[in-house]
Amino acid sequence: MTSNSLATQFQAHLDDFQISLEPSALNYLTSMLAVMSMSDKAKDIRDATEMFLEEAEVDPEKINQFYTTLGKGNVKTSSGTLASVSASGPSTEHAPPLDHPKPVSSIEARRMKRAQKKAATAATPPSQPTEAEPKIVATAQQSRFHRETLVTSSKDIDMQTACDMALVGQNGVGKTMLMRCMADNILAMPSNLNILHIAQLETFNESTTVLNEVLEADKASTKALGEYEVLHAILGDAPQSTSSNTAQLNIALHKILISRMETRVIAAQQLAQKRSGTRGHDARQAQLAIETEFTALKAQDPQVYVSPDIATELITDVFDKFALINFDARKAKARKILRGLGFEEAQVDARVQTLSGGWRMQIALAKALFVGPDILLLDEPTNHLDLPAILWLQGYLVNETAGLTLVIVSHDRAFLNAVTTETIILRDKMLKYHAGSFADYESTSEEQRVRKQALLDIQAKKRAKLVASIQHNVQKARATGDDKRLGQVASRKKKLDRLGMEKTEDGKRFKVSYWAGYHTSARAEIEMEKALKTASIKIPDPPPFRYHGSVFTVKNASFRYPTSNKDVLTDVSLDVGPHARIALLGPNGCGKTTLLNMMVGVTQPTTGEVYRHPSLRIGYFSQHVVDQLTLTRTPIEEMRSRHPGLSEQECRAHFGTVGVSGNTVLRKIANLSGGQRNRIAFAIILYDAPHVLVIDEITNHLDMGTVDRLVEALEGFEGALVLVSHDVWFMKQLMEGEEDDADDESNVQEERAFYVVRNGAVKRWKKDMDGYVDAVMKKVRKSDKY
């Protein structure tokens, strides 16, 4: 008998016994039986195929009859059922004697056990329900505030309702990617949460106004308004149909149903595309189901499908949603947000296509604040904002976002400390939680390091003392044969094993019961958390400049753009010494960047003069210097295009001074992070060892560690420094740092001065940075923006 006949005969035998299997199981059996034949042992055939019959819940007695008659012909009764086989089963001619039972294999034992279990279940009376098998559910509960066990849950995202969190970490660790995964529902976030990432709002309708762009960010209200307008054109103000408009109304209602389901289809397609594994399979199955339902809905005849009940329910739903929309309040809220972020009234009503990239980022921020989801993810919201807008945003997030959970990524320490109450640290692909602001986290971490270092020093002394005592007693015991000293040795060894953490992180006395898991010692070791290593920045010393006068002199200078009839700057006079520290303050658009361009020679004054020493080297980090990098080049190619004589090794050495090394210098600039691009642009500027550094908003896209290293480098810079920045902490560190000692051998005196640019004039600010922040905050609160 051939293998094909075995597969055919097995399938025919299934039909005779009226046994139906799943198509996938039947296909598998057919392919398996194709390599077997009836010449094989009946036991082997049964062992290979019986599990499929058991999964189909075939009665054990019926299974025995099935394999007994397989290959021996099928006998049917007149009623169509199989005739019972002889009780003796197969011929007893080859059966073993009764007093020598055949050994039972493990497979047969399991088969008998299943049969006995099913027989016992069938024998249970219906009035006595069988006891259900216990369902074991494994759960774990983790407190975010128990520092001893943070590591066990550090891959979990833990958030509370109405909580403001700062997400901090070095450039490139994945903060933005984590936010995108949360917003795109790739992670296992609750489906009822509305999570919004600001990057999702960076697409714009160029033809609409800024105000309408913000209003349309609320998709639910916009869709409800569109549906209402469609039905209102047919029904008027009364949500009731008449016999004259039934056909037209059914078509409109059918289109509304299609539109609503299309939204669900798009969401299902996006989810299926982003998820993987088992969750991805489930998402794709859901996608196929809703696409089938959507296709069937589109094929329906509106006049047949839309029944009176459907029409009444849908019309009521549309009119009810429209009634809940307060149009005046929505417009007022949108205008307040836009004005607070620095938009003038004319810009609010202007077309989106007329605005630059920086203003568009502020539109995206305005849209995020207007929508107000359950969880709002803000990635560097203070970039492109001036100080008044930052202070307004700070007050808005504190006072106007009740019930909203905020997760903020920002390099602005002052902003984070004012807005957030908890801190999430992303490090080494792990999340660590701290119940406090970032400033509190920094101070607490430093205190922990100091305390643990002291504990390590004490422990080292104790260990050395115990080891010396053990060695001394062992020597004495050997010399004198005193067994008591050996007892002291054993006692000292126990004490040595118990060295370690005497208290937990939260101050409780350490107990072994607190320490879960298997460990090789009696106490937890004192572990010092390694500090984050941020690559240092080294600014080259400028060549000797044998001149002690002003390196910049601006005298009665005014500037006006050719297309304007109004001066941006009027009658400006300013002196910058060779070691001065000058900071320009003022809102966006007041003329700070225009003044810098005029000082470095990018533009010429309309009237007046600007003097620069002929030998002066100027390093100008403008707001657009990073955008001027060629994205298709590597950093080395970019450097050599500007300095053709440099070798690759010289380029590598120079980039190493700003912390860019390794394969980073061989990657395309387009593939680098914003912080890495900033470092590359800064390195190119520093190559000529400038006497004066003119810096305009350099901290954008830099992490806090890099800002720290930048502050250290600029503090040690021997030349002049002209700053423009809206980062309050950065400005205070450079402008209000410690003065040089009076007995400094170099006899260099640094002039530190703030200048406020307002209404075309440049005037000296005699107070400190905190005084300027207070003055701006008062104006923000008095204005209609707040």
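Predicted model: local features only at pLDDT ≥ 70, side-chain atom pairs only at ≥ 80, totals over all residues.

A residue counts as buried when its relative accessible area is under 20%, and as exposed when that area is over 50%.

**The largest nonpolar core**
- The largest nonpolar core holds 96 residues, and those that touch the most other members are Leu-369, Leu-397, Phe-621, Phe-682, Leu-693, Leu-714 and Phe-730.
- Helix α16, which covers residues 387-399, gives the most to this core, contributing eight residues.
- Apart from this core lies another one of 31 residues, which includes Leu-569, Met-598, Met-599 and Val-610.

**Phe-621 and Ile-698**
- When residues up to four places away in sequence are left out, Phe-621 touches Val-626, Asn-678, Ala-681, Phe-682, Ile-685, Val-694, Ile-695, Asp-696, Glu-697 and Ile-698.
- Ile-698 sits in the loop between strand β12 (692-696) and helix α24 (704-715).
- Because its relative accessibility is 3%, Ile-698 counts as buried.
- With residues up to four places away in sequence again set aside, Ile-698 is in contact with Phe-621, Asn-678, Phe-682, Leu-710 and Phe-730.
- Ile-698 and Gln-623 are separated by 75 residues in sequence, while their C-alpha atoms are 7.4 Å apart in space.

**Ser-558**
- Ser-558 belongs to strand β7, which spans residues 552-559, and with a relative accessible area of 8% Ser-558 is buried.
- Not counting residues up to four places away in sequence, the contacts of Ser-558 are Asp-567, Leu-569, Thr-570, Asp-571, Met-598, Pro-605, Thr-606 and Thr-607.
- Among these contacts of Ser-558 are Leu-569 and Met-598, and Leu-569 and Met-598 are also members of the core of 31 residues.

**Cavities**
- Four cavities of 30 Å³ or more are counted in the model, and the largest cavity contains about 60 Å³ of space.
- The lining of the largest cavity is made up of Leu-387, Leu-584, Leu-585, Gly-586, Ser-725, His-726, Val-728, Met-769 and Tyr-772.
- Strand β9 (581-585) and helix α26 (769-782) each supply at least two residues of that lining.
- By residue type, the lining of the largest cavity consists of six nonpolar and three polar residues, with no charged residue.

Conventions
Residues numbered from 1 in each chain as written. Heavy atoms only, no water. Core = buried A, V, L, I, M, F, W, Y, C linked by side-chain atoms within 4.5 Å. Buried < 20%, exposed > 50% of the residue type's maximum accessible area, 1.4 Å probe, protein only. Helix = DSSP H or I, 4+ residues; strand = E, 2+ residues; numbered from the N terminus. Contact = heavy atoms within 4.5 Å. 1 Å grid on protein atoms, 1.4 Å probe; cavity = no way out; pocket = protein on both sides within 12 Å on 5 of 7 lines; lining within 4 Å. Points joined across faces, edges and corners; volume = space filled by probe spheres on them. Nonpolar A, V, L, I, M, F, W, Y, C, P; charged D, E, K, R; others polar.
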